[in-house]
Amino acid sequence: METIIEIKELTKLYGNGRGIKDINLDIYKGDIFGFLGPNGAGKTTAMKIMTGLIRPERGDVKIFGYSVTEEYELAMEKVGCLIEIAEAYTYMSAFDNLKQLARYYPEVDYKRIDEVLELTGMIKYKHEKPKKFSLGMKQRLGLAAALLSRPKVVILDEPLNGLDVEGMIDIRRLIHHLAEQDQTTFFISSHLIHDVELTCNRIGVIYEGKMLNVESTPNILKNYATLENYFVSEVERNGRVPSSAR
Amino acid sequence: MAVFQAALVNEVEKLYKKKKALIAVLLSLAVIVIGQLAIVGVRSGFGLRGAGSVEFPMLVLAVVVNTILPLFTALVAIDSFSGEFSQNSMRITLTRPVSRFKIFCAKIMAIVLFILAMLLLLLILSMLVGVIFNTNSGTLHSFVMTIFSYLVSLLPMVVLALGIVLLANLIKSGISVFFVSILVFIVLKVLGLIFSQYSSLFMTTQLDWYNLFLINSFPVGKIVRQFLIMLGSGIMLFTAGFYLFDKKEF
């Protein structure tokens with residue numbers, strides 16, 4: 001199995017004691033990796049480091065063998081991402097927003113912009129400014145931006161935020177389609193545990209900044225009725241361990 | 001280079017799409033119109049000549065270089081950094097395959113292009129208005145010197161912009177950056193008057209350095225010294241600004 005993302009001893013601690021400690025993780029080609037953890041567990045911190053938005057204190061992330069801290073441009077060349085809230089320039093139309101991003105990828109043309117707007121159901125709002133968009137529409141535009149360059153790796157932090165049921169189903173289908181057809185690797189964090197169960201084929205649980213376990217979804221579902229049961233059991237098991245023993 | 005080019009085109013497009021650039025152009029036009037009206041008023045009211053066709057652009061430069069040009073440079077620089085920090089839109093660019101150094105350089109270059117465009121616009125319009133409404137007093141030499149004065153004014157404006165960019169990376173709120181910039185500007189102006197022997201060290205005095213080129217004796221030594229002071233402070237401000245930008249967490 002080809003390793004696409006390699007996370008080694010990743011550490012970043014904030015003043016309040018939160019953050020991540022010694023995270024080690026390998027993501028393989030074609031994985032739809034679900035990153036689960038309670039609020040404040042360190043999911044977004046890890047994803048921000050993976051996309052270069054913050055720097056780690058220790059450790060590194062390699063994407064396609066390129067270090068995010070040392071060779072950022074090469075590491076991010078085949079990566080599309082959506083971190084926290086989908087941001088867009090409110091004074092530009094949806095099309096112009098994507099045109100801005102397209103300039104970084106020589107192979108992306110106007111046809112591809114229309115294609116991703118169509119894929120995410122945003123084509124009818126192509127010439128509208130995101131100022132008037134609902135949260136769900138902004139999220140769809142953010143997903144369109146993440147998929148624009150036909151990335152080989154897609155990092156999504158809470159991608160279903162603000163989406164209605166129809167939107168969630170559409171995005172799930174899209175993720176499966178890209179993983180199967182283009183062997184796109186996904187790294188997804190979401191608090192919607194049922195959706196992670198239906199979407200992801202590998203699950204990693206993070207708790208208080210530490211990786212507890214990484215397991216394939218079919219294996220988890222062999223031993224637990226639902227992913228939620230597994231998640232609660234993992235977190236509780238860790239919660240019972242005295243802090244001095246951890 | 002292609003990545004830097006893409007970042008620069010994006011920054012210029014953002015500037016153009018925002019209303020601030022348009023307002024800057026309109027205000028520049030207003031300055032020229034008001035200036036010309038004042039000269040017409042002085043001429044017809046007091047019978048004084050006011051300004052000739054070539055003197056008018058120099059009069060406009062003397063006014064704008066200490067007023068609207070620093071003001072709009074500040075607004076554009078603050079918007080480009082503090083504005084994008086507060087709206088989180090900096091993430092849009094930062095998560096693309098482009099290094100922070102290239103993004104920082106592209107932003108600075110876009111501000112430089114904005115200042116240059118403003119100077120050229122003011123030069124062309126004031127020259128046109130000067131030729132149409134005032135008596136022809138120009139020689140080829142004075143014409144060339146006028147163009148030169150506008151072009152050399154770019155350098156101190158860029159240093160000023162770099163100072164504001166440093167503040168924008170140092171202070172969180174854009175409004176605070178704006179007020180601190182104005183305060184520093186006023187303080188430096190006052191210090192330049194009180195300590196006139198050291199005034200060449202102050203950024204605000206350097207805004208008028210085009211006057212050195214107009215002196216008949218052409219003080220080469222003084223021009224080189226001023227140039228080096230501006231170059232040195234520009235490099236220091238750029239480095240400090242980038243250091244803070246590179247360390248920033250989004």
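Residues count from 1 along each chain as written, with chains lettered from A and ligands numbered from 1 in written order. Because the model is predicted, local features need pLDDT of at least 70 and side-chain atom pairs count only at pLDDT 80 or more, while totals for chains, interfaces and linings use all residues; side-chain values use heavy atoms, leaving out hydrogens and water.

**View 1. Helix α4 of chain A and its two faces.**
The helix covers residues 110-119 of chain A; helices here (H or I, at least four residues) and strands (E, at least two) are DSSP runs, numbered from the N terminus. Look for A:Arg112, A:Ile113, A:Val116 and A:Leu117, which are buried (under 20% relative accessible area, with exposed over 50% and partly exposed in between; 1.4 Å probe, protein chains only). Seen down the axis, these buried residues of α4(A) fall within an arc of 140°, so they line one face of the helix; the arc is taken from the directions from the helix axis to the C-beta atoms. As background, an α-helix has 3.6 residues a turn, so residues three or four places apart point the same way. On the face of α4(A) turned away from the buried side sit the exposed A:Lys111 and A:Glu118. The cover over the buried residues includes α3 (94-102) and α5 (135-147) of chain A. After α4(A) comes A:Gly121, with a positive phi near 70°.

**View 2**
Contact (heavy atoms within 4.5 Å) links 19 residues of domain 1 to 12 residues of domain 2. The two domains bury about 1,100 Å² between them, 69% of it from carbon and sulfur atoms; buried area is the accessible area (1.4 Å probe) that two parts lose on being put together, summed over both.

**View 3. The domain 1 side of that interface in chain A.**
A:Leu163, A:Ile171 and A:Leu174 supply 32% of the area that domain 1 buries against domain 2, more than any other three residues. Which elements give two or more residues to this side? They are β7 (153-157) and α6 (165-181) of chain A, and α6(A) gives the most, with five residues.

**View 4. Chain B against chain A.**
Here 28 residues of chain B are in contact with 29 residues of chain A. The buried area is about 2,800 Å², and carbon and sulfur atoms give 50% of it. B:Ile92, B:Arg96 and B:Pro97 supply 26% of what chain B buries against chain A, more than any other three residues. The salt bridge count is seven (a side-chain nitrogen of Lys or Arg within 4 Å of a carboxyl oxygen of Asp or Glu). A:Arg103 makes a salt bridge with B:Glu13, the closest N and O atoms being 3.1 Å apart. On the chain B side, α1 (2-17), α5 (90-94) and α6 (100-133) each give two or more residues, and α1(B) gives the most, with eight residues.

**View 5. B:Lys107 and its surroundings.**
B:Lys107 lies in helix α6 of chain B. Is this lysine, B:Lys107, buried or exposed? B:Lys107 is buried, with a relative accessible area of 1%. Leaving aside residues up to four places away in sequence, B:Lys107 touches B:Glu11, B:Lys14, B:Ser80, B:Phe81, B:Glu84 and B:Met90.
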